[in-house]
Amino acid sequence: MSITSLLAISLGAILANNFIFSQFLGICPFLGVSKKIDTAVGMGAAVTFVMALASAFCFFINKILVSLDLAFMQTVAFILVIASLVQFVEMFLKKFIPTLYTALGVYLPL
């Protein structure tokens with residue numbers, strides 16, 4: 001794969017096929033914390049972290065579910081993985097970055 005095609009894929013994923021922008025996922029927390037740049041960056045980092053790890057975990061979980069003929073459980077597995085990662089991020093922020101945890105408030109679990 002050339003650098004040009006990798007760049008085209010990356011730009012397409014960021015701008016055109018971004019699941020947050022195209023499907024308005026996570027728009028409520030974004031609007032709730034976008035008054036200050038610090039909280040918006042913190043929420044953006046948290047969402048990026050959760051979605052990246054959830055995608056990686058769910059890739060392997062989906063392989064296992066398909067091999068066991070349980071493909072109908074993919075949505076449930078995705079919800080469980082995201083819920084557990086959000087709880088991890090919430091506990092991490094509460095312990096190590098309490099000012100950001102307080103600033104995000106109720107929007108963090110959303």
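Reply: Gladly. Start with A103. This residue is partly exposed, with a relative accessible area of 43%. A103 sits in helix α6. Keep in mind that the model is predicted.

Me: Why is A103 called partly exposed?

Reply: Set the value against the cut-offs. Buried means under 20%, and exposed means over 50%. A103 has 43%, which falls in between, so the label is partly exposed.

Me: What makes Y107 partly exposed?

Reply: Its relative accessibility is 28%. The in-between class runs from the buried limit of 20% to the exposed limit of 50%, so Y107 belongs there. Y107 is in the segment after α6. Its C-alpha atom is 8.8 Å from that of M43, 64 residues away along the chain.

Me: How do you know whether T39 is buried or exposed?

Reply: Buried means under 20%. T39 has 10%, so T39 is buried. T39 lies in helix α4. T39 and T99 are 60 residues apart in sequence and 9.5 Å apart in space, C-alpha to C-alpha.

Me: Why is F72 called exposed?

Reply: Exposed means over 50%. F72 has 62%, so the label holds. F72 is found in the loop between α4 (37–67) and α5 (74–96).

Me: What makes D69 exposed?

Reply: Its relative accessible area is 66%. The cut-off is over 50%, so D69 counts as exposed. D69 is also in the loop between α4 and α5. Its phi is near 60 degrees, a positive value in a residue other than glycine.

Me: Why is E90 said to have no salt bridge?

Reply: A salt bridge needs a side-chain nitrogen of Lys or Arg within 4 Å of a carboxyl oxygen of Asp or Glu. For E90, the nearest side chain of opposite charge is K94, 7.0 Å away, so no salt bridge is counted. E90 lies in helix α5 and is buried. Leaving aside neighbours within four places in sequence, E90 is in contact with Y101, L108 and P109.

Me: Which residues have the most contacts inside the largest nonpolar core?

Reply: V50, V81, L85, V89, L93, L104 and L108. That core has 13 residues. Take V89. Beyond its neighbours within four places in sequence, V89 is in contact with A46, F49, V50 and L108.

Me: How many helices and strands does the whole chain have?

Reply: Six helices and zero strands. Of its 110 residues, 21% count as buried. The chain exposes about 8000 Å², and carbon and sulfur atoms supply 74% of that area.

Conventions
Residues are numbered from 1 along each chain as its sequence is written. This is a predicted model: local features need pLDDT of at least 70, side-chain atom pairs count only at pLDDT 80 or more; totals for chains, interfaces and linings use all residues. Side-chain values use heavy atoms; hydrogens and water are left out. Helices (H or I, at least four residues) and strands (E, at least two) are DSSP runs, numbered from the N terminus. Buried means under 20% relative accessible area, exposed over 50%, partly exposed in between (1.4 Å probe, protein chains only). A nonpolar core is a set of buried Ala, Val, Leu, Ile, Met, Phe, Trp, Tyr and Cys residues joined through side-chain atoms within 4.5 Å. Contact means heavy atoms within 4.5 Å. Accessible areas come from the Shrake-Rupley method with a 1.4 Å probe; for residues, only the protein chains shown count as cover. Lys and Arg count as positive and Asp and Glu as negative; His and the chain ends are not counted.
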